[in-house]
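Me: I have a model open and want to go through parts of it. Can you take some quick questions?

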Amino acid sequence: MATDELSSKLSRRLQIEEGEHDPVALDGAHENGAHEKAATASADSELGAKLQRRGELNDGIGGHQQPSMKVFNPYTEFKEFSRKQIKDMEKMFKQYDLEKDNFIDLMELKLMMEKLGAPQTHLGLKNMIKEVDEDFDGKLSFREFLLIFRKAAAGELTEDSGLHVLARLSEIDVSTEGVKGAKTFFEAKVQAINESNRFEAEIRQEQEEKKRQAEERKQRQAAFKELKSTFK
């Protein structure tokens with residue numbers, strides 16, 4: 001009996017190999033094949049959707065946009081201020097940027113106003129930020145911080161404005177005539193001198209100052225060595 005069954009199987013296999021009969025798959029094999037085909041189709045569909053989305057983003061069709069990489073240069077954008085004034089503003093900004101994230105948030109502004117002797121209410125602080133918050137992120141970037149002094153210099157801040165108080169108490173002179181007369185001063189300044197020449201003159205002045213300080217250090221070191229040699 002076993003021999004007949006084995007002979008039948010061998011005959012069946014030979015017929016399949018010669019192409020006379022198609023192999024008959026089990027139900028389980030059919031189901032597995034169907035699942036594999038469905039999974040492959042799903043993966044292809046997902047990959048196709050991702051590639052299409054990537055193409056849309058590259059073409060600028062999709063909603064996601066890359067952030068602007070525009071470089072902010074305070075010396076060229078805020079030409080009404082000298083390099084020294086901008087450096088003083090930057091020093092003040094960094095002093096109160098306690099988290100060192102290049103922003104002054106609500107709590108850091110609160111501390112600043114307290115240090116300046118003009119504490120503000122929570123609502124007052126929010127209004128101060130809102131007045132110059134161009135990107136509506138609820139905090140001050142260095143550029144927005146400079147806008148405070150630009151508005152103060154142009155007389156665009158009211159006397160009771162928290163930003164006016166900040167500019168007045170910051171000990172940063174935005175003009176030789178003071179905040180109220182700054183607009184006239186700057187207009188006369190623009191007419192009197194060429195901005196690019198002034199910029200170059202300030203750079204030369206900084207370089208000369210650094211050379212002078214370096215020369216003084218060398219002289220002090222030489223004097224110290226000479227004094228030290230007399231005790232040997």
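Me: How far apart are the end C-alpha atoms of residues 120-155, and how much of the span is helix?
Reply: They lie 21 Å apart, and the span is 64% helix and 0% strand. Helices here (H or I, at least four residues) and strands (E, at least two) are DSSP runs numbered from the N terminus. The model is predicted, so local features need pLDDT of at least 70 and side-chain atom pairs count only at pLDDT 80 or more, while totals for chains, interfaces and linings use all residues. Residues are numbered from 1 along each chain as its sequence is written, and side-chain values use heavy atoms, without hydrogens or water.

Me: What does UniProt place at 84-119 and 120-155?
Reply: The unreviewed entry gives "domain: EF-hand" for both; such annotations may be inferred rather than shown by experiment.

Me: OK, helix 8. Why is it largely enclosed?
Reply: Because six of its eight residues (162-169) are buried, meaning under 20% relative accessible area with a 1.4 Å probe, protein chains only.

Me: What covers those buried residues?
Reply: The cover includes helix 4 (83-96), helix 5 (106-115), helix 6 (122-132) and helix 7 (142-153).

Me: And which residue caps the N-terminal end of helix 8?
Reply: Serine 161, with a side-chain oxygen 3.2 Å from the backbone nitrogen of leucine 163. Just after the helix, glutamate 171 has a positive phi of about 65°.

Me: Switching topic: what is leucine 109 in contact with, sequence neighbours within four places aside?
Reply: Ile104, Leu125, Met128, Ile129 and Leu166, where contact means heavy atoms within 4.5 Å.

Terms used: Buried < 20%, exposed > 50% of the residue type's maximum accessible area, 1.4 Å probe, protein only. Polar contact = N/O pair within 3.5 Å; in protein donor to acceptor, adjacent residues only side chain to side chain.
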